[in-house]
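Hello,

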Amino acid sequence: MTDTSRTTTSPAAWSPDRPWRGIMVATALPMRDDLSVDFDAYADHVRWLIDSGCDGVVPNGSLGEYQTLTDEERARVVRTAVAAAGDGARVMPGIAAYGSAASRRWAEQAAEEGCGSVLLLPPNAYRADEQAVRAHYAEAARAGLPVVAYNNPHDTKVDLTPALLAGLHGEGAIVAVKEFSGDVRRAYEIAELAPELDLLIGADDVLLELALAGAVGWVGGYSNAFPATCAALYRAAVARDIETALPLYASLHSLLRWDSKTEFVQAIKASMDIAGRPGGPTRPPRLPLPSPMAAEVRAATEKAVAAGHH
């Protein structure tokens, strides 16, 4: 059986010179009942994720509810993550913003804190054309940190097609892409058009398929609730150890598919609460899960806990 330990030297392993590779957790942000950020709980959560076998964290992504944070909160989230991780290279902050200048400023803040890379959505205040997308990524790249593109055409209505990604990579604007389209076929086209562009798994419920297609990283959501199991799943999948990966994948898939649903933040935080992790409520406009959804998430999470996933 293939060795899937954390010390593997495979291309899909985290390394200081490729700090976006490996299993990076898109961290949920613990909230108190009054909807204030629990920064102490967040620091503990980041430490626990890394101690559980994950390679790093991605604060201020969609799962981290960055759109609802003040600038002060958002900056403090990054500082907290860096201090808790013990190595800024293991932190890849999301720097999405309506304005390209704002994204560049968040990239500069990440650089000042010692982060290893940043994650950036395309312009999403409107349906940007290719010229605007190219300028947006070029502006963020001027901060000097490696930029990972985030392709989520479902929510942004801007599709980073394989050809566009190849162009961005050729211009030196991006080093990798977090692929959330759900279209596994794109992995092969990206590899053909831009062989040096790193493909990162962006949606939990296509993890195995994209790992087999050559992904070298996973920006995971459900790893917030079950980091040790998710780390084992990722390492088995990228090692093509199907005997180990497939049973884990199948047993978790009823939860993993929530990562691709509109209510993914509420679902993952609910699973964290059930699994004994600090999740808490979500800030409006996100509302609590409707009762049928909440019951479905609870049943699947309790089943995963009973199966020994952690």
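Below is what turned up on pockets, cavities and one histidine.

This is a predicted model, in which local features need pLDDT of at least 70 and side-chain atom pairs count only at pLDDT 80 or more, while totals for chains, interfaces and linings use all residues. Residues are numbered from 1 along each chain as its sequence is written, and side-chain values use heavy atoms, leaving out hydrogens and water.

The largest pocket holds about 830 Å³ of space. (On a 1 Å grid over the protein atoms alone, a pocket is an open set of points with protein on both sides within 12 Å along at least five of seven lines; a cavity is a set where a 1.4 Å probe fits but cannot get out; lining residues have an atom within 4 Å of a point.) Its lining has 35 residues, and Ser-62, Tyr-66, Gln-67, Asp-155 and Arg-286 are the closest to the centre.

There are two cavities of 30 Å³ or more. The largest cavity has a volume of about 50 Å³, and its lining includes Ser-62, Tyr-66 and Tyr-150. The second largest cavity, about 40 Å³, is lined by residues including Glu-179, Asp-183 and Arg-186.

Is His-309 buried or exposed? His-309 is buried, with a relative accessible area of 11% (buried means under 20%, exposed over 50%, with a 1.4 Å probe and protein chains only). Its side chain makes a polar contact (N or O atoms within 3.5 Å, one able to donate a hydrogen and the other to accept it) with the side chain of Thr-229, at 3.4 Å.

Best wishes

Terms used. Points joined across faces, edges and corners; volume = space filled by probe spheres on them.
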